[in-house]
Amino acid sequence: MPSRLRNAVSAALIALSCLLLPFGALAAWAAYGLADTGRYVTAMAPLAADPDVRDAVADTVGAGIVHEADIGPPLRPFVHDAVRSFTRTDAFRTAWDAGNRALHDAVLRAVRDDSASTVTVDLAPVAAEVRTQLAHDNVPLAHRIPVEHAEVAVLPPGDLTGLRTGFHLLEVAGFWLPVTAAVLAVTGIAVAACRRRAVTATALGTALGGAFLGLAVAVGRRLTLTDLPEEMHRPAAGAVYDALTTTLRTVSWTLVALGLTVALTTWLLNRHQQPSPPPSRL
């Protein structure tokens, strides 16, 4: 194969590999990181101490308990205050981890089981804690707050259909995209007429792909928060987004650092091994 053709094939393979790299990292993160219950709970655990998240939980859970338990207007302010007080206890941190684990398991079962119609969360354990807190604070009629299985829908049936399709695609793409990117890169370097130059190009493309991934995470955060309704707690949503995408940001910086390091090392080796010009004769 002529050198020019080899270089053209090598450039095309390396370019395609670097293009697939950020998408492969994103798919692998979603399929093997975000879909892993243990990693999800670990990522969400620190948010139990975040003030914005606690306020959002207090407002949402308080409203859910009031609605589902049909609590009258005189007790509603006390319920909200009790929930807000509960979010500042060690028991809330335990309930936060348990709730996130139960929610994640429920979502995974729903996307993997086509017969599931909706994803719900039971507020009864939280309602029991709130009633105990109100009774401890000597709030009148606190013992009359019913503790029932208050099922609150998290994902309606309409959202589950698209989520199932996306999840199955991510399971396939999360494995094959990174593998394909690696195979293309190795093949592109192998067929190149000048492999050192191909390694440098691959390294720079890797750094560029990492930078693109980091930019995509930042843009995704902005778009996610912008699309939220005005009444939503955007600071809390931003904290959750940051917690879930920590691994992606780490991967993006790692790719940038690795690519630049390899490119610089290859350039230094190439410069060091270049033959010195012969001495000139007078």
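## Helices and strands of the chain

The chain of this predicted model holds ten helices and two strands, where helices (H or I, at least four residues) and strands (E, at least two) are DSSP runs numbered from the N terminus. Read along the sequence, these elements follow the pattern α-α-α-α-α-β-α-β-α-α-α-α. Of the 282 residues in the chain, 34% are buried, a word that stands for a relative accessible area under 20%, with exposed over 50% and partly exposed in between (1.4 Å probe, protein chains only). Among contacts between residues at least 6 apart in sequence, 80% join residues at least 24 apart, and contact means heavy atoms within 4.5 Å.

Residues are numbered from 1 along each chain as its sequence is written, and side-chain values use heavy atoms, with hydrogens and water left out. Because the model is predicted, local features need pLDDT of at least 70 and side-chain atom pairs count only at pLDDT 80 or more, while totals for chains, interfaces and linings use all residues.

Helix α8 covers residues 195–226. The helix has 32 residues and reaches 46 Å from its first C-alpha to its last, close to the 46 Å expected at 1.5 Å a residue, the expected span being 1.5 Å times one less than the number of residues.

Several residues of α8 are buried, including A198, T202, A203, G205, T206, A207, G209 and G210. Further along the helix, L213, V217, G220 and L225 are also among the buried residues.

## Packing of α1 with α8

Two packed helices are described by the angle between their axes and the distance between the axes. For α1 and α8 the angle is about 30° and the axes lie 9 Å apart; axes here are lines fitted to C-alpha atoms, for helices over the stretch in contact, and angles run from 0 to 180 degrees between N-to-C directions. The two helices, α1 and α8, are therefore roughly parallel to each other, given that angles under 35 degrees count as roughly parallel, over 145 as roughly antiparallel, 65 to 115 as roughly perpendicular and the rest as oblique. The crossing of α1 past α8 is right-handed, a crossing being left-handed if the near helix is turned anticlockwise from the far one by less than a right angle, and right-handed if clockwise.

On the α1 side the contact is made by S10, I14, C18, L21, P22, F23 and A25, and on the α8 side by A198, A201, T202, G205, T206, G209, F212 and L213. By class, this contact of α1 with α8 has ten nonpolar, five polar and no charged residues, where Ala, Val, Leu, Ile, Met, Phe, Trp, Tyr, Cys and Pro count as nonpolar, Asp, Glu, Lys and Arg as charged, and the others, Gly among them, as polar.

## Packing of α8 with α9

The axes of α8 and helix α9 (residues 234–244) come within 10 Å and cross at roughly 150°, and α8 and α9 are therefore roughly antiparallel to each other. The contact is formed by V217, G220, R221, T224, L225 and T226 of α8 together with R234, A237, G238, Y241 and D242 of α9. These residues divide into four nonpolar, four polar and three charged.

S10, in helix α1 (residues 3–34), is buried with a relative accessible area of 4%. Leaving aside neighbours within four places in sequence, S10 is in contact with G188, I189, V191, A192 and A198. A185 lies in helix α7 (residues 157–191) and counts as buried at 11% relative accessibility. Not counting residues up to four places away in sequence, A185 touches S17 and T202, and its C-alpha atom is separated by 10.0 Å from that of L21, 164 residues apart along the chain.

In helix α10 (residues 246–273), G259 is buried with a relative accessible area of 2%. G259 touches A203, L204, T206 and A207, residues up to four places away in sequence not being counted, and the C-alpha atoms of G259 and G209, 50 residues apart along the chain, are separated by 9.3 Å. A239 of helix α9 is buried as well, with a relative accessible area of 15%. With neighbours within four places in sequence left aside, A239 is in contact with L47, D50 and V53.
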